[in-house]
Amino acid sequence: MVTRGNHHRMPSYRLVLLAASVLLAPPSSLRAEAPAKTNSLGQQYAGIVRIENAAIQPDYRTPWNGARPAGGTGTGFLIGPNRFLTNAHVVSNSTRLIIRGVDDSTPHLAKIEFIAHDCDLALLSLEDPRPFEGVAPLPLDDTLPLLDSEVVAVGYPVGGDRISVTRGVVSRIDFRPYSHSGVDQHLAIQVDAAINPGNSGGPVMQGSKVVGVAFQGYSGAVAQNVGYIIPGPVVARFLEDIKDGTYDHYADLAIAIFPLQNPAMRRALSLPENGMGVLVAHVDSGGTCAGVLQRGDVLLEIDGQPIASDGFIEFGGERVNMNEIVERKFTGDRIKLTYWRAGAEAATEVTLKRLTSYLMQANLYEKRPEYVVFAGLVFQPLDRNLLSTLNLTDDNVRYFFNYFGPRELSKERSQPVILTQVLPDAINTHFDGVGGKMVDTINGQKITRMSDLTSALEKAEGEFIKITLVGEGRPLVLDRARAAAASTRINTQYGVSEPSFLEP
Amino acid sequence: MRHFLFPALGLLALMPQLAAASETPSPDKSILRVNVSNQPHNFALPWQKRQPGSKQGLGALLDGGRVLVTAELIQDSSYLEFEVASSGKKLTAQVATVDYEANLAVLVPKEKPDDFFTGLVPFPMSGNPPQKGDRLEVWQFESNGTPVTSPIAFETARLGRTFLEGSYFLQFEANGAVNYREGSFTLPVIRDGHLAGMLLSYNSNDQVATILPFPIIKAFLDDAADGEYAGFASFGIKFAPTLDEQLRTYLKLGDQKGGIMVTGVMPDTSAARAGLKEGDVLLQIGEHTLDARGNYQDPTWGLLAMGHLVKGAHPVGTALPLKISRDGQPMELTLTLARKAARDFLIDPYVFDRGPRYLILGGLVFSELTRTYLEAFGNEWRDRAPFELVYAVQNPEKFARDGRKKLVFLAGALPSQSTIGYEGVRGAFIEKVNGQVINDIKDLSAALTRPVDGLHTIEIDEVPYTLYIDAALAAADNQTLLPQRYRITELQKLE
């Protein structure tokens, strides 16, 4: 078992996709709106709304094209004056958001105030708050419910248009991968209430209080009656984080730990046989613990809580993952660590930082694909969206993708550039079989990010532009004078509206 | 008649009784059924073999009681026998020579054949190259032993891949209808009473037969004749065509015609020893000029890929002059054809007929990485095997270092007393053990004789980077748990 910091890094992105599916309902084009009618249901659940997201799907295959329309529906609920809580995945990549009340046929335009992709939460407001003035917000409980206690999930799942209520019990409370980002892991509550696409973002209630937000199910054939909800503490942390007007994301210890359960390993480290402590196997050189911890140290305590050899601590009367301590803190907070090095105990304090290199493997949202088209060669930066859309299988590309964070390859190339495809033209007609490989150099200059690429291509030195690719012995050689003319011609023929887009 | 070889047994007294050489070969007298019991080693559990299976093919009878088959037929065989199709008479056989790259093997009787070969007629080892449209015949049997002859027409010769990745040899293509009979893994192809080749595959949709041709068979048999088989040479380059005018100008080829760009030179190969370098343009091999795709005009077969000049046209040891252009300057080099055997690679491209080398410590299973190990993960091995192992197979040069002979890796941990907590560690390369650099599995075995303070220290290249094993506990697991519960009879195989 390897855990890192407060997010659990999944070594394989496929695993997460298989294990969980987010609960966004597909758009239903034929939606017969029932006439507005007031009843007791309407009053009880007046703060629970249906969210319709007209979204766009960026096109990584033809990145110069506009995005494709997509979208779906989910649930949200009022938590304060003109504040609606929902899942990030319900409102991601949106171009237009509409909120409708329980028995309300009127569409109300909404906008995103804050969105947190790492914990799949978002806060919305209405452009015109008046329709929900006077509606009582749902009170939030920021503690964890008891196992086997009854919960009620309310929302607008598939299977009908009107509000739906399902009932179940709390089955388990544990760290789970959050499939929206694909790389984060937080506390989640497993319930056996039916939670289906469209339920996403809806409240899960105990009595009159909200104990969680429905967010994902389990699509594997091996499990049944498994739904997951984001628990109160995670919701409370999100709301606390945005109080200063920005969302600062989760912070991370940025270390890899290994359980210390082998007696020989404990003996080698001169540790007593008391079942405590985890091995520090890797310390990210730009992360929170850089310069403080080193490989081979043993973490004994975090904020005064003794760490068991499996990485768990006693916290609030429960055995929880030690990362729960980091989970509840914010960037800039300090955290106390006691560790064992060379047979002696030492104590230190670190300041929590956010780690970004792991975003290489994350699903990305609200992003316009970056690209450069030159002489028909299409260059794009490597990220998970690109890798999965284009199904890149080149070993060197996968090596950078897999080890970008874990082996700190980000230091070698901060934004690996992929030659994704060649738009055929006389100038590049012999460049076959090179699509999907990583750019190494241009005229001898190492390409570490997209801006290197543009500056190298713009340098008007020499008769040739020589591009080398990682793992490909053959250089791509372009006649500089011909390449410029070809670029114009190719972009016109293939409808490449702009030769490049790079984020400022 | 060629000398009859029994290299392993040296039983020259067992000269079989063959019919007079003047008799013409015929299906019932010149081809034999070859029944094979195959049993590959289990690379995931290297101390045992997999469940046995069976294959049946046809072999061509050569002089001296030798029978020619494809190597694929007898790969990982546990038992072999010849069968006379008409009479059903059987004889236990064994492999005399096998070349998995060329996909050829010679089988001989395991013991004194008595009168098994009496009345049979071997194929003469000669023949003229076929011309387009020439009639070839595919010989096989009905299940009752009745001969079946299917005529096909020779179309062309070209280089094609054998069943091993990256192994290209001269092949014939022929057109016509061939109906496969039961148990016909590879089929002899005959032209005018001579063996023209062995049918490798047949596409029934477009009725094209692919044939391993007699020039390769002859080179294989000539090589094996002295009892010491040298094998076919390996060139050792990667190359790219130079069709692109921009590339030709960049390479300063001037008004040179043709030539291919060398884009990689593998260490310890003919090319490396000849002094070929990345970026060179290879213009001529021997007397043959290369076009921009790397083809030459073969006097017999017409336009052919240059690979045939290295593998097939000339035996190992032949010196061929090369003409190259380096940085626009003409140069001459000498290519002495040499073979790089599978075992001489950092990562063996294939391992057949034996299991992997391995060592088990307490429950930690160490092995030497081979491509065959990864292929045991199934067709999707690139996705299913541990990524770093896959990466190493595709990029061995990134893992080469001085003295390193093989890549020793931790395949996994069998649950035992000494491996508690290590169950999830797998697919990691071994750097050092007890302070010793590990260059092959023998180094590992030697290093494990020297634990420090009762602990083995195993340095790997993945989290947690160092594993410690209690030497006494591991010895106890080795003695009791592993043999009793996992039925591991051999805790290591180093050869």
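These are legends for a set of close-up views of a predicted model.

**View 1. The two assigned domains of chain A and the space between their centres.** In chain A, the domain assignment gives domain 1 at 255-351 and domain 2 at 370-501. Taken over C-alpha atoms, the centres of domain 1 of chain A and domain 2 of chain A are separated by 42 Å. The two do touch: four residues of domain 1 of chain A are in contact with four residues of domain 2 of chain A.

View 2. Which residues supply the area on the domain 1 side? H282(A), D284(A) and S285(A) account for 99% of what domain 1 of chain A buries against domain 2 of chain A, more than any other three residues. Sorted by class, the side of domain 1 of chain A that touches domain 2 of chain A comes out as one nonpolar, two polar and one charged residues.

**View 3. The interface of chain A and chain B.** Here 34 residues from chain A and 38 residues from chain B take part in the contact. Together the chains bury about 3,100 Å², and 60% of that sits on carbon and sulfur atoms. How many salt bridges does the rule find across the interface of chain A and chain B? There are four, and one to zoom in on is E462(B) with R407(A), where the closest N and O atoms are 3.2 Å apart. Polar contacts across the interface of chain A and chain B come to 14 residue pairs, both partners at pLDDT 80 or more. Several elements of chain A each supply at least two residues of the side that touches chain B, among them strand 15 (255-259), helix 5 (263-268), helix 8 (395-403) and strand 29 (472-479). That side of chain A divides into 16 nonpolar, seven polar and 11 charged residues.

**View 4. Chain B, with its assigned domains and a cis peptide bond.** The assignment for chain B gives domain 1 (1-230), domain 2 (237-336) and domain 3 (345-493). Between domain 2 of chain B and domain 3 of chain B, the C-alpha centres lie 40 Å apart. Zoom in on V463(B) and P464(B) and you'll find a cis peptide bond joining them, with omega at about 5°. P464(B) is in the loop between strand 26 (455-460) and strand 27 (466-470) of chain B. For background, most peptide bonds are trans.

**View 5. An aromatic pair in chain A.** Searching the whole structure turns up 26 aromatic pairs over all chains. The one shown is F84(A) with F132(A), an edge-to-face pair at 5.2 Å centre to centre and 85° between the planes. F84(A) belongs to strand 5 (residues 83-86) of chain A, while F132(A) is in the loop between strand 8 (121-126) and strand 9 (150-155) of chain A; the pair links distant parts of the chain, 48 residues apart.

**View 6. A positive phi at N93(A).** N93(A) isn't a glycine, yet its phi is positive, at about 55°. Where does N93(A) lie? Look in the loop between helix 3 (88-91) and strand 6 (94-100) of chain A. Most residues other than glycine have a negative phi.

**View 7. The salt bridge of E503(A) and K367(A).** Over all chains, the rule counts 47 salt bridges. In the one formed by E503(A) and K367(A), the closest N and O atoms are 3.5 Å apart. E503(A) sits in the segment after strand 30 (500-501) of chain A and K367(A) in the loop between strand 22 (344-351) and strand 23 (371-374) of chain A, so the pair ties together parts 136 residues apart in sequence.

Terms used: Residues numbered from 1 in each chain as written. Chains lettered and ligands numbered in written order. Predicted model: local features only at pLDDT ≥ 70, side-chain atom pairs only at ≥ 80, totals over all residues. Heavy atoms only, no water. Domains from an automatic or database assignment. Contact = heavy atoms within 4.5 Å. Buried area = accessible area lost by both parts, 1.4 Å probe. Nonpolar A, V, L, I, M, F, W, Y, C, P; charged D, E, K, R; others polar. Salt bridge = Lys/Arg side-chain N within 4 Å of Asp/Glu carboxyl O. Polar contact = N/O pair within 3.5 Å; in protein donor to acceptor, adjacent residues only side chain to side chain. Helix = DSSP H or I, 4+ residues; strand = E, 2+ residues; numbered from the N terminus. Phe/Tyr/Trp six-rings, centres within 6.5 Å; stacked < 30°, edge-to-face > 60°.
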